[in-house]
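This report is for a reader who has not seen this structure before. Please look at the sequence and the model first.

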Number of protein chains: 2
Amino acid sequence: MNTIKGEQLLAQLNWRYATKKFDPARKISPEDWAVLEEALILSPSSYGLQPWTFVVITDREMREKLFPSTWNQRQVLDCSHFVVFAARTKITDEDIDRHVARTAEVRGGTVEALKRFRDSVAGDLVTGTRAAEAHEWAARQAYIALGNFMTSAALLGIDTCPMEGFKPDEYDQILELPGKRLASVVCCAVGYRSAEDKSAGQKKVRFARADVIHIA
Amino acid sequence: MNTIKGEQLLAQLNWRYATKKFDPARKISPEDWAVLEEALILSPSSYGLQPWTFVVITDREMREKLFPSTWNQRQVLDCSHFVVFAARTKITDEDIDRHVARTAEVRGGTVEALKRFRDSVAGDLVTGTRAAEAHEWAARQAYIALGNFMTSAALLGIDTCPMEGFKPDEYDQILELPGKRLASVVCCAVGYRSAEDKSAGQKKVRFARADVIHIA
């Protein structure tokens, strides 16, 4: 077990904040970035279906294209790595078959043995009552990945800024997502806070425990 | 800084899995639970608005009420703590004013000085184009909290099982959420895996890196 102490976890969750100004000169090392990518890949999702793609952008030219579609927020340009969380626009049999095939490959076994699981997922998300809202379902899964990602980064001492303030349709065109049955749902700038970021020194604002934790 | 090493993070993310069978005899200590509650409270959300309530259920009788509305999944009964993530059904001026008042209280300052922020959030989620989908927006924020929560628990060596397989309408009635402008969106069973949980030994299934990480 490689567990950590509660104080250590809370220290890092308190250390993190939505970084408004990144240090453009400071980049995440390839070793640290590899860990963050792996953390993203390991994100849990319903049925284990991973209905997402994480688009990682370090290219300057691409960021300049995204900048005006992000209400000119500098984090897009100044952060070390910029991640767009894209979710499936719908769930198809192909998505489920791909997951089932991967399961058989990783665990050893046959696709046939997973047929009951396969049909129950398809009955829910491809042909069932949730089919019409499958993109929203996929978007929620992407937010699990976002939550995992920000906490993982904080534990490594890496700053993040989650961003909903962008124009999804423009992002989708720029990143050529529609042809891949994907749509951008949320972004996250990653890197290191600038010494000039005044937000860094502000106290964290959270409601009192009794206002958000209910005991039933 | 209380940062951890990348190997430690990945070891715990690999250790975690959606626990199918909890050890009913093993409970989370009050100290550990206090850390997990604090981690929940510290979850990031868009605008910092925290449009959620975390309903924590340890009471046996309440769990037995929820059990049939959860397709009789034993995790509800056997886990140590059962958390229902509830999100605002809509966002009102009151929600924003409460957050603004809390910000002034925590950081010192006046509500008046935050008027521009207040109006811009209200213009987005109360009267703006996103008002109609504000519950979905709030639900996505709750999934950030879920992602943060599962990763936090894994780092402490505590097991979780995220659960979408429940009947939200029945949960809402049982937990008396509608009167509070809240609706249940996802659950998480928390505790310790049973030695008999066969899922624990199964290899984790994730798509290959190239299938989920795109470089743009």
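## Basis

This is a predicted model, in which local features need pLDDT of at least 70 and side-chain atom pairs count only at pLDDT 80 or more, while totals for chains, interfaces and linings use all residues. Residues are numbered from 1 along each chain as its sequence is written, chains are lettered from A and ligands numbered from 1 in the order in which they are written, and side-chain values use heavy atoms, with hydrogens and water left out.

## Chain A

Chain A has 9 helices and 5 strands; helices (H or I, at least four residues) and strands (E, at least two) are DSSP runs, numbered from the N terminus. Their order from the N terminus is α-α-β-α-α-β-α-α-α-β-α-β-α-β.

The C-alpha trace of chain A spans about 55 × 45 × 35 Å along its principal axes. Of its 216 residues, 57% are buried, that is, under 20% relative accessible area with a 1.4 Å probe, protein chains only. The accessible surface of chain A, by the Shrake-Rupley method with a 1.4 Å probe, is about 9,100 Å², and carbon and sulfur atoms hold 51% of that. Among contacts (heavy atoms within 4.5 Å) in chain A between residues at least 6 apart in sequence, 79% join residues at least 24 apart.

## The two copies

An open sheet of 5 strands with mixed pairing runs in the order S5(A)-S1(B)-S2(B)-S4(B)-S3(B); strands pair if DSSP finds at least two bridges between them. Its edge strands, each pairing on one side only, are S5 (213-215) of chain A and S3 (159-163) of chain B. Neighbouring strands are turned by 25 degrees against each other on average, direction ignored; axes are lines fitted to C-alpha atoms, for helices over the stretch in contact, and angles run from 0 to 180 degrees between N-to-C directions.

S5(A) runs parallel to S1 (residues 52-57) of chain B, joined by 3 bridges. Here A:His214 stands opposite B:Val55. Helix H7 (residues 134-156) of chain B packs on the sheet, touching S1, S2 (81-88), S3 and S4 (182-191) of chain B. The direction of H7 makes about 10 degrees with that of S4(B).

Key:
Buried < 20%, exposed > 50% of the residue type's maximum accessible area, 1.4 Å probe, protein only.
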